2 protein chains.
Amino acid sequence: MPTANEAFVTLVATEAYGRGALVLAESLRQHGTTRSLVALVTPQISPPFRYALGRVFDEVCEVDVTESCGAARLVLLQRPELGLSLAKLHCWSLTQYSKAVFMDADTMALSNIDELFEREEFSAAPDPAWPDCFNSGLFVFRPSHATHAALLTAATCLGSFDGGDQGLLNTFFSDWATKDITHHLPFIFNLAITSLYTCLPAFTQFGSKARVIHFLGAIKPWHWTYHSQHGTAIPPDSGAGPATGILGPLVTKWWLLYENSVAPLLEEGRQVTKSTTEPTELPLASTGCPDQVSGDLKQALVVNAMDSLNLTGDACQRESDEHRRRSPPP
Amino acid sequence: MPTANEAFVTLVATEAYGRGALVLAESLRQHGTTRSLVALVTPQISPPFRYALGRVFDEVCEVDVTESCGAARLVLLQRPELGLSLAKLHCWSLTQYSKAVFMDADTMALSNIDELFEREEFSAAPDPAWPDCFNSGLFVFRPSHATHAALLTAATCLGSFDGGDQGLLNTFFSDWATKDITHHLPFIFNLAITSLYTCLPAFTQFGSKARVIHFLGAIKPWHWTYHSQHGTAIPPDSGAGPATGILGPLVTKWWLLYENSVAPLLEEGRQVTKSTTEPTELPLASTGCPDQVSGDLKQALVVNAMDSLNLTGDACQRESDEHRRRSPPP
């Protein structure tokens with residue numbers, strides 16, 4: 001049973017990332033997390049994926065920022081490039097939890113990381129390319145409608161210097177680099193694979209302590225080919241040889257979780273949903289900002305990027321997770 | 001006149017880096033530093049370079065760790081790869097200064113950075129490749145024979161995980177990442193050129209605030225070709241075209257300092273030292289750990305890497321800097 005009202009949250013914007021999210025969730029489960037697991041999914045995710053997500057996560061919440069939220073629509077009108085970022089920011093609206101840890105779907109836990117809940121908002125690890133910015137692939141936050149609204153306001157008024165959520169969040173939480181060292185998560189909690197090679201000596205020294213690996217970059221583990229009979233993963237464009245070096249064993253670990261725990265669930269999802277035409281029959285709670293708050297948010301957009309607005313309504317319903325996660329489908 | 005007893009310190013281990021050190025010193029002077037400038041030089045630096053260094057720096061101190069210091073010899077016997085690191089660590093023996101800022105010779109100040117002296121030992125900026133380590137290309141420290149001895153002890157007992165001073169110093173000051181945010185210098189005070197391209201959006205956002213540029217990597221500004229008539233710098237293997245992009249203007253700035261201020265001094269040095277056979281005639285103070293402390297240090301090596309030893313003697317003599325720096329040679 002999940003402990004208290006704290007959760008790990010991820011975003012599933014494509015089915016490829018859905019595979020990553022399922023592996024991430026399994027990695028957290030297998031290392032004995034006591035917290036809830038929440039997946040935010042965008043509308044295009046298909047029923048088999050939603051089925052599998054519903055079996056591993058405690059909550060699966062649809063976020064449709066283009067349709068359900070006036071404030072988000074307003075942001076998208078002015079800054080359409082922020083569409084995916086808005087979906088991610090939606091994690092702040094999960095106010096049924098007092099504290100949460102967001103993790104990108106291309107991360108994987110290598111050990112139990114529940115100690116992250118001892119940190120306060122906003123905590124994150126430094127980004128290896130520009131270390132006075134945090135990497136937004138993993139962060140500790142406190143769900144709050146006021147903060148969510150202020151973030152939407154900031155998205156409109158300030159935008160994102162990199163076009164995504166990392167630039168936006170670094171602008172919003174701009175004192176992270178200078179204010180409080182306890183808000184700096186150790187790099188081993190968001191270890192970018194780009195650092196495996198650019199700083200090999202440090203990886204050799206500290207890599208064995210890695211707690212979360214972040215498969216940053218264009219090539220993700222799901223782009224590799226896994227040969228289950230040999231237990232080896234082969235990177236794209238590598239010929240026939242298995243992966244060697246530092247990255248290979250980490251991707252192989254990802255694939256072991258995928259093959260053993262995720263692939264059977266996806267197959268089950270395909271079987272179960274084959275005859276199903278209505279996604280609403282799946283155990284999925286819909287969320288999104290209620291339309292009635294859009295007026296308040298529009299006002300906030302005019303007044304101040306940092307205004308705190310208390311929005312009401314949280315459409316994401318918590319369901320009986322143990323039943324949904326592990327029991328066989330009816 | 002230099003203010004108080006604080007100094008910027010650099011290390012000149014080769015004549016190529018000597019060119020860098022001279023540009024660095026000119027960049028600090030031109031931005032109006034009120035602190036002393038100190039160059040540590042290894043024995044192989046030739047008289048013309050020593051002459052030029054002596055005209056720009058307030059002090060030029062020879063560090064010959066292979067000959068002058070029993071403790072250093074002991075380290076080198078066990079870890080010969082640390083030779084250059086030991087020379088750099090020698091900055092802690094400059095106890096005529098109460099506080100100092102070490103800067104690698106491949107850095108260049110883009111504005112006055114005297115505010116760094118408001119920081120305490122040990123302050124440094126994060127390394128972009130592994131941001132829980134600091135980059136040792138620029139750091140604030142307090143000269144102390146005890147710390148110097150403890151560092152030599154650590155070099156023997158703990159070594160360096162990257163084979164250089166950065167690994168050694170990160171092991172010695174291992175609480176930098178977690179203890180005190182004020183010891184984290186802003187990245188713009190040690191901006192690695194590797195980050196110009198790996199994190200272009202952040203550079204676009206924050207790059208105009210850069211205070212010190214660090215020409216990390218194999219290709220240094222002195223490897224570029226400068227066309228003085230056009231005022232353009234051309235990188236190696238680039239064909240005939242001038243440098244474009246972000247890096248070009250920074251390297252051009254380096255070359256402008258070199259051509260206008262450094263090259264004339266080196267030419268003067270060649271003229272002055274042409275008939276000189278004895279480098280001791282040059283304004284150079286010799287330094288190095290006195291031999292009599294080697295017994296104490298050997299004991300420290302056995303007892304504890306962090307023992308604080310009070311060593312006596314500082315062979316580096318401060319000289320009349322204004323006279324040496326700017327007055328014409330006799």
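## Strand β1 of chain B

Ala7(B) has Ser36(B) as its bridge partner in β2(B). This is a predicted model, in which local features need pLDDT of at least 70, side-chain atom pairs count only at pLDDT 80 or more, and totals for chains, interfaces and linings use all residues. Residues are numbered from 1 along each chain as its sequence is written, chains are lettered from A and ligands numbered from 1 in the order in which they are written, and side-chain values use heavy atoms, with hydrogens and water left out.

Strand β1 (residues 6-12) of chain B runs parallel to strand β2 (residues 36-41) of chain B, joined by six bridges. Helices (H or I, at least four residues) and strands (E, at least two) are DSSP runs, numbered from the N terminus; two strands pair if DSSP finds at least two bridges between them. Four bridges join β1(B) to strand β4 (residues 99-103) of chain B, also in parallel. In β4(B), Val101(B) is the bridge partner of Phe8(B).

Seven of the seven residues of β1(B) are buried, where buried means under 20% relative accessible area, exposed over 50%, and partly exposed in between (1.4 Å probe, protein chains only). In a regular strand the side chains alternate between the two faces of the sheet. On one side of β1(B) lie Glu6(B), Phe8(B), Thr10(B) and Val12(B), on the other Ala7(B), Val9(B) and Leu11(B), and all are buried.

## Features of chain A

An open sheet of three strands in chain A has the order β5-β9-β8, with mixed pairing. Its edge strands, each pairing on one side only, are β5 (107-109) and β8 (191-192) of chain A. β5(A) pairs with strand β9 (residues 212-214) of chain A in the antiparallel sense over three bridges. Within β9(A), His214(A) is the bridge partner of Thr107(A).

Val60(A) lies in strand β3 (residues 59-62) of chain A. Val60(A) counts as buried because its relative accessibility is 2%. Val60(A) and Val9(A) are 51 residues apart in sequence and 9.7 Å apart in space, C-alpha to C-alpha.

## Where the chains meet

In all, 28 residues of chain B are in contact (heavy atoms within 4.5 Å) with 28 residues of chain A. The two chains bury about 2,300 Å² between them, 75% of it on carbon and sulfur atoms. Buried area is the accessible area (1.4 Å probe) that two parts lose on being put together, summed over both. In chain B, Trp130(B), Phe161(B) and Ile181(B) lose the most area to chain A, together 33% of what that side buries.
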